[in-house]
Amino acid sequence: MSAKGRKSPVRVLIAKPGLDGHDRGAKIVARALRDSGMEVIYAGLRQTPEEIVRAAVEEDVDLVGLSILSGAHMALLPRIVRLLKKEGGGRIPVFAGGIIPDEDARRLRRLGVRAIFGPGASLAEIVRTAQQLARGVA
Amino acid sequence: MSRAGTPDPARAIAAGDRRALAKAITAVESGDPASDALLRAVFRRTGKIPIVGLTGPLGVGKSSLINLLVAHLRAQGKTVGVVAVDPTSPFSGGSVLGDRIRLERRPGDPGVFFRSMASRGAAGGIAASTRDVARLLEAAGFDVVLVETVGSGQVDVAIRDVASTRIVVLVPHLGDEVQTLKAGLFEIADVFCVNKSDLPGAETAERDLAELASLGPAPDGWRSRIVRTSTVVPSGIPELWKAVEAHERFVAEAPGHLAEQRRRLEQEIVGRVRDLVAAEIAARLEAEPSLRHLVDRVVARELDPRSAAERLLPRSRR
Ligand SMILES: Nc1nc2c(ncn2[C@@H]2O[C@H](COP(=O)(O)OP(=O)(O)O)[C@@H](O)[C@H]2O)c(=O)[nH]1
Ligand SMILES: [Mg+2]
């Protein structure tokens, strides 16, 4: 049980690492998570791994969701997981959405990304998984 | 509150441990009783730095101004804590906190700490715990704390008692907004910021404001300053900060300074008593059947709510 326990809303950081230029998908997910009762810290586009990890620490989030379309997922996601661990946030679950080939997805899971959603994933599925990850039951 | 092996949080925070600070803010924000000890420990060391509130309607550029104010202050060697408040949805209890987007990245700079907060149902443009969160940031050693209010279109009055200087941000062609804001506007604004001055109409807006400001009351003798800024074609930021500093100096030297401090703290104490008593009575109502019987009698219209409330008061004045 975390120190906050009780009925404090889950805090989740949504960010978009990499260089691609639009964040519609990330915004839609942010709103869906809000509608499920979460406090969504929306950090926006083109965030470096360092900046994402810093935001996760300062905002003391329970969960990090990353949207990535640029194809740089194998470079960026493991780095974020590793930095998060280094900064004492190793227990914060990280999930990702984007166009990620199955083989990469398997490797990313082994490297500590807890859930990966392709373009076909439904919002309901993302929200459900996020809730479970935040509560430590996924 | 410290678990085995974790250092005393007050000390960790004072020593610059950012994770300890972030965790402490969460505890304060969620009303975790464990945070009481921490807030007690840090209070003595607070009340000394500028707590600058930025308020004004959605989209006027509060977050963008904060970004540039942070850069300006960092260039002067000052460290800055930021608290940005966004509204909680009354339907889901969730919120999207988007003020961080405007913050330029400052890789590895420990001189800035940015925290987003949801209002969690509090009226008045900030959360119930925002004042205490600002105190934690002061205890962590930041030289200045900036607070961005919700900016609902109403005057965010709660910032009045939390900030030492209040900036009301407006933009050109905000005629109707100013009319609706006017009621509380001049009681709140120590500094008016006419942002987006790269757009036409800024001079007119400044003139209109100056006219209104000259009519407005100035109970403590301070005359609100008006500063034109732009964050797109950066300008006016040093002037904005100078206006803040001028107000901070004025307040420190004003004869009514301590009386005002006293009024605020007294209000805080009374508010705290109200919360404590209400929580205690809610708990007793839950636990004691004889007290529930009192409610039954009100339901049956044998007793009225006022009388029932008086009987519930710890030391009733009856
Ligand atoms: N033209 C112009 N646009 C600005 C200026 N400052 C902010 N904006 C824009 O106004 C919008 C809202 O800014 P933001 O800082 O988020 O406003 P807030 O809601 O008050 O925090 C953004 O699209 C900014 O780019 C400015 O000085 N000039
Ligand atoms: Mg804002």
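Student: Into which domains is chain B divided?
Tutor: This is a predicted model, in which local features need pLDDT of at least 70, side-chain atom pairs count only at pLDDT 80 or more, and totals for chains, interfaces and linings use all residues. Residues are numbered from 1 along each chain as its sequence is written, and side-chain values use heavy atoms, without hydrogens and water. Domain bounds come from an automatic or database domain assignment. For chain B this gives domain 1 (47-254) and domain 2 (262-317).

Student: What area is buried between domain 1 of chain B and domain 2 of chain B?
Tutor: Buried area is the accessible area (1.4 Å probe) that two parts lose on being put together, summed over both. Carbon and sulfur atoms give 17% of it here. On the side of domain 1 of chain B, R131(B), R135(B) and D161(B) lose the most, together 73% of what that side buries. The area between the two domains is about 460 Å².

Student: How many salt bridges are counted between domain 1 of chain B and domain 2 of chain B?
Tutor: A salt bridge needs a side-chain nitrogen of Lys or Arg within 4 Å of a carboxyl oxygen of Asp or Glu. E268(B) and R135(B) form a salt bridge, with their closest N and O atoms 2.8 Å apart. Between the two domains the count is three salt bridges.

Student: Which helix gives the most to the side of domain 1 of chain B that touches domain 2 of chain B?
Tutor: Helices are DSSP runs (H or I, at least four residues), numbered from the N terminus. The helix in question gives three residues to that side, and it is helix α5 (residues 130-139) of chain B.

Note on methods:
Chains are lettered from A and ligands numbered from 1 in the order in which they are written. Helices (H or I, at least four residues) and strands (E, at least two) are DSSP runs, numbered from the N terminus.
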